[in-house]
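Thank you all for coming. Please look at the model on the screen with me, and I will go through it slowly, one part after another.

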Amino acid sequence: LEQSTERLRALETLDPVDRRFPSRADVIVYLQSLYDEDMSADDLARSTLFYTALGLLDADVDLRAVYLSLLSSQVGGFYDTDTKSMNVIPLNNEAIGASLTLTEQIVYVHEYVHALQDQHFGLDALIDSEESADHPDRSLAALSLIEGDASAIMNLYLQRVSVQNPMAALQLLTQGLQAGNLFLPPDVPSILVNELLFPYEAGMTFVLAVYGEGGWDALNAAYANKPQTSEQIIHPDKYLSGEGAAGVMARDTGALLGEGWSPVWQTALGEFYLREHLKTDLPTRRSATAAAGWGGDSFQLYRHDDSGAAAWTLDLVWDSADDAREFAEAYAALGEARYGTPAQDGCWGDDDGALCLRADANGSQVSAAPTPDLARRLMNGA
């Protein structure tokens, strides 16, 4: 398996890789300790507010519990950059035998690619924890390169096996059903599922596009010039042409909220999270089309100190005037779908909150707050 992975990925093993086969119970303990060490209560609260403010999660969701439930049931293996060990979870929680099932083989190949990536490119430097915390879209883009690379090689390995054994797909299905990990835990919010799958699925498409442009040299070079936005992952031609995000200056909106409000996050939303936000009230295809002209943004999130309510502003620039118009039309449809009435002076709202939109050929500004007056004040600056 290791020799096959080296040949398929065209990278040599520089140092022997520590391989482990922990039980799923061991992995759950590992994930719990990882969250306790790397994600503080403040980090969880900020992430929860980010998702709820955009309409992606209910306010009462226990984000840590949902993360652990999702990952504990779905993870088949992982590579630990601290211990430099690759881990494959045996199917059915049984001790590993003299050979691996096909499912275990493809997980092994996937994780071994991560070991090769770490030895040649340094994974910790690619996913800096501080950058990940402050820039979710940029972190998602880097993770998509890493997971897309491993997923491409894993699928290539499976294709080779399938040529020799046409029943391989049936074996995978049978093994997945026996292990009980083919299906997601009930009631997992779609944003967390989409966020989990994006680096593997869109990332693989991105990696194949980069490889198609210049082979292994181009893909290896991407680790030194990593993608910076989810837009570049969704549209690999933008990465290949060197098109990055346009700089968007954040407006000074904090003072407009008045006393009792605190800033929580100033970051970029990016095309992926913008698309997910639009999908809360619009069809998937229209959401993807409306977000596809994204050129750059500045997202500012605030929390009320007493009530915990959220307010936010989003300043967007677009690739073209047509893209700006398309987004404005889609967002107006979102406002009407959510609140059931046409806009009043560019705003929609009820007792549960309010949205305002201002748009022209150069860009768009969105504001959200608990009341229409507050949302309008954030939009108009007074």
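This is a predicted model: local features need pLDDT of at least 70, side-chain atom pairs count only at pLDDT 80 or more; totals for chains, interfaces and linings use all residues.

Let me begin with a question: which residue stands opposite S85 in β3? The residue opposite S85 in β3 is D18. Residues are numbered from 1 along each chain as its sequence is written, and side-chain values use heavy atoms, with hydrogens and water left out.

Now to the sheet around that pair. Three strands form an open sheet in the order β1-β3-β2, with mixed pairing; helices (H or I, at least four residues) and strands (E, at least two) are DSSP runs, numbered from the N terminus, and two strands pair if DSSP finds at least two bridges between them. At the edges stand β1 (18-20) and β2 (77-80), each with a single partner strand, so one side of each has no neighbour in the sheet. From one strand to the next, the twist averages 15 degrees, where axes are lines fitted to C-alpha atoms, for helices over the stretch in contact, and angles run from 0 to 180 degrees between N-to-C directions. Strand β1 pairs with β3 (residues 85-88) in the parallel sense, over three bridges.

The other sheet I want to show is also open, and its six strands follow the order β4-β5-β6-β9-β8-β7 with antiparallel pairing. Its edge strands, β4 (261-267) and β7 (347-350), each pair on one side only. Between β4 and β5 (residues 294-304) there are six bridges in the antiparallel sense, and W261 stands opposite H304 in β5. Across β4, β5 and β6 (310-318) lies helix α3 (residues 41-53), which runs at about 115 degrees to β5.

Next, please find helix α15 (residues 321-339), whose 19 residues reach 27 Å from the first C-alpha to the last, close to the 27 Å expected at 1.5 Å a residue; the expected span is 1.5 Å times one less than the number of residues. Its buried residues include D323, F327, Y331 and L334, where buried means under 20% relative accessible area, exposed over 50%, and partly exposed in between (1.4 Å probe, protein chains only). The buried residues of α15 pack against α13 (270-278), α14 (284-291), β6, β7, β8 (353-360) and β9 (363-369), with contact meaning heavy atoms within 4.5 Å. After α15 comes G340, whose phi is positive, near 80 degrees.

One lysine also deserves a look. K238 lies in helix α12 (residues 236-240), and K238 is buried because its relative accessible area is 12%. Leaving aside neighbours within four places in sequence, K238 is in contact with E231, Q232, E243 and D319. The side chains of K238 and D319 are joined by a polar contact of 3.2 Å, that is, a pair of N or O atoms within 3.5 Å, where within protein one must be able to donate a hydrogen and the other to accept it, and residues adjacent in sequence count only if both atoms are side-chain atoms.

Finally, the whole chain has 16 helices and nine strands, and buried residues make up 48% of its 382 residues.
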